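I opened a new notebook page today. Here is what I looked up, entry by entry.

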Amino acid sequence: MAPRTRRNAFPKVVIERDSESEQSSSSSDDDDDNGEEPLSDSEGEEVVAAAAAGSGKEEKMEEEDAAVKKKGKAPITISLKKVCKVCKKPGHEAGFKGATYVDCPMKPCFLCKMPGHTTMSCPHRVATEHGVIPAPLRSTHSPLEYVFQRQLRPKIPPIKPAHVIPNQVCCAVIRYHSRRVTCLEFHPTKNNILLSGDKKGQVGIWDFEKVHEKMVYGNIHTCIVNNMRFNPVNDGTIYAASSDGTISCIDLETGLSSSLMNLNPDGWQGPNTWRMLYGMDINSEKSVVLVADNFGFLYMVDTRSNHKTGDAIMVHKKGSKVVGLHCNPVHPELLLSCGNDHFARIWDMRRLEARSALHELPHKRVVNSAYFSPLTGCKILTTAQDNRLRVWDSIFGDLDSPSREIVHSHDFNRHLTPFRGEWDPKDPSESLAVIGRYISENFNGAALHPIDFIDTSNGQLVAEVMDPNITTITPVNKLHPRDDVLASGSSRSLFIWRPNWTSEAEEQKDERRIVICGNAEKTRKKGFGDDSDDDDMDGGFKSKGKKTKSLKLEVRESKSALVIAKANGET
């Protein structure tokens, strides 16, 4: 008996083309559009002969297709039509066209999520305070409100001081990290030290006063560093939480790290079991590091023994990421958490159990961050994916609904670090917040994504910080706790902003404070604007990089000339 061969019956592939964009009136137009020359007579005869020879094969293919259809295998259809990325329907496209955002006609306004208008004509885009109630405090008659008015309110000055906005880039490190920046942290005692974590798990230390003094430790984690906090007792060490499921204690001098907790001791066992750590904070009163994972659980690590203490506590819905944790600066027993279950919750550390939250703050979509106010700890600022900044004026008052909702463009976290609105730790009125913007604006023909400073008491836009050389989105921003300095992470680069108080001579000196990491030629050729993680193009200063190189060459030439002159004089 002859051996039987198995015939692989693959489903037929049908390619649909857009008739409007690809059909033309004549074959000559098709040839011109495709960049092909018309066939000669001999070539045409060969094509006809090949078509005649292949007609028999086509009949066989049709028979096979009929057999395939009988077996129940439907043909695969590949569509080349233009399809909207938002609603997946043909006939239109949504997204950026230069600095203009085109909305999908099937969806409401991308900025405020309300129908009836587009993003470019949205009233919230024209005025951020549109629809915001500027009430300073809600009138409630609870005993806690009385305590707030008597004890905490006198510490807040009645006259709001003028805001000092760092609006000029004074120094930068271009392509500092190998992947996008995910978190920033200033040193608690040294004003000129900035720490940064990236998507690859690296931790960088940068002295932005000396600019060239920088170090990147690449052996800390194996993937994203989501949060970093300094040890309150020893400022030479820092704790970091990563998506590899570990907490590390890093010595900043040596770069050596020790793992305090590993939630994945057996390695990769599948996505349903892999635990990643996101939110983190340190309770200095209890000497514990608080971390939360992507399954809704909270863990505690004792900083004195560097070991896990107690059992895991479910603080959010099972299976949801807990992306933020923050201890109250005045009342450390109060803990604020937020996650992907559309809630931010307030907890009492003295009675921390599942489903024992003091209060739940509902949101319409995922909550990216939630913070107590830095001085009194009585306010709450949250950032949600529904393009809303929500403010609660008093944790002692009515928490059923926020005091204010401010519409702001930050609804995007694909290939980007999520946007997080943070308080200005130096503002005595506890009203100034900083956050990056997603929807670009047209500034003299350039599509730029500015960094916004917003007054949370009335929703007004205090300032929008931008630089024409930074064309990438800047989702990671950190204000200095003592100086008028803003640190921002845009893709793989770091930028330091200061107020524009310098003279022209100092500005010329500042041009030499730009450090380009990696291949400078590649940076000069490709420019700076890129949001991707894997591409070599990044936000930077191309022209200033050239000036830096030329200045170095001039210094070298002058030194060599001095050496030659001295040698001639001695001889």
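Predicted model: local features only at pLDDT ≥ 70, side-chain atom pairs only at ≥ 80, totals over all residues.

Is Lys-88 buried or exposed? I found Lys-88 exposed, with a relative accessible area of 61%. My cut-offs: buried means under 20% relative accessible area, exposed over 50%, and partly exposed in between, using a 1.4 Å probe and protein chains only.

Residues are numbered from 1 along each chain as its sequence is written, and side-chain values use heavy atoms, with hydrogens and water left out.

**Entry: positive phi**

Back to Lys-88, which sits in the loop between strand 2 (76-79) and strand 3 (95-97). Strands here are DSSP runs of E with at least two residues, numbered from the N terminus. Lys-88 is not a glycine, yet its phi is positive, about 65 degrees.

I then looked up Ser-491, in the loop between strand 33 (486-490) and strand 34 (493-498). Ser-491 isn't a glycine either, and its phi is positive at about 55 degrees. With a relative accessible area of 10%, Ser-491 is buried, whereas Lys-88 is exposed.

Next I went to strand 14 (residues 277-283), where 7 of the 7 residues are buried. Strand 14 runs antiparallel to strand 15 (residues 288-293), and 5 bridges join them. For two strands to count as paired, DSSP has to find at least two bridges between them.

I traced an open sheet of 4 strands in the order 18-19-20-21, with antiparallel pairing. From one strand to the next, the twist averages 20 degrees; the axes are lines fitted to C-alpha atoms, and angles run from 0 to 180 degrees between N-to-C directions.

Strand 20 (residues 343-348) pairs with strand 21 over 4 bridges, in the antiparallel sense. Phe-343 has Pro-362 in strand 21 as its bridge partner. A reminder from class: side chains in a regular strand alternate between the two faces of the sheet.

Pro-362 turned up again when I checked Asp-400. Their C-alpha atoms are 8.3 Å apart, though 38 residues separate them along the chain. Asp-400 is in the loop between strand 24 (388-392) and strand 25 (404-407), and at 57% relative accessibility it counts as exposed. Its side chain makes a polar contact of 3.5 Å with the side chain of His-359. A polar contact is a pair of N or O atoms within 3.5 Å; within protein, one must be able to donate a hydrogen and the other to accept it, and residues adjacent in sequence count only if both atoms are side-chain atoms.

**Entry: a buried arginine**

Which side chains does Arg-437 make polar contacts with? I found Glu-441 at 3.1 Å and Asp-452 at 2.6 Å. Arg-437 is in the loop between strand 27 (432-436) and strand 28 (441-443), and at 9% relative accessibility it counts as buried. Leaving out residues up to four places away in sequence, Arg-437 touches (heavy atoms within 4.5 Å) several residues, including His-408, Phe-419, Leu-461 and Ile-473.

**Entry: cysteines**

How many disulfides does the structure hold? I counted 0, taking a disulfide as a pair of cysteine sulfur atoms within 2.5 Å. I checked Cys-122: the closest cysteine sulfur, in Cys-112, is 3.6 Å away, too far for a bond. Cys-122 is buried at 0% relative accessible area, and Cys-378 is buried at 1%.

**Entry: rings**

Last, I listed 8 aromatic pairs. Rings of Phe, Tyr and Trp (its six-membered ring) pair if their centres lie within 6.5 Å; planes under 30 degrees apart count as stacked, over 60 as edge-to-face and the rest as tilted. Trp-206 and Phe-208 form an edge-to-face pair, with 6.2 Å centre to centre and 65 degrees between the planes. Both Trp-206 and Phe-208 are buried. I also noted a cluster in which ring pairs link Phe-96, Tyr-101, Phe-110, Phe-412 and Tyr-438.
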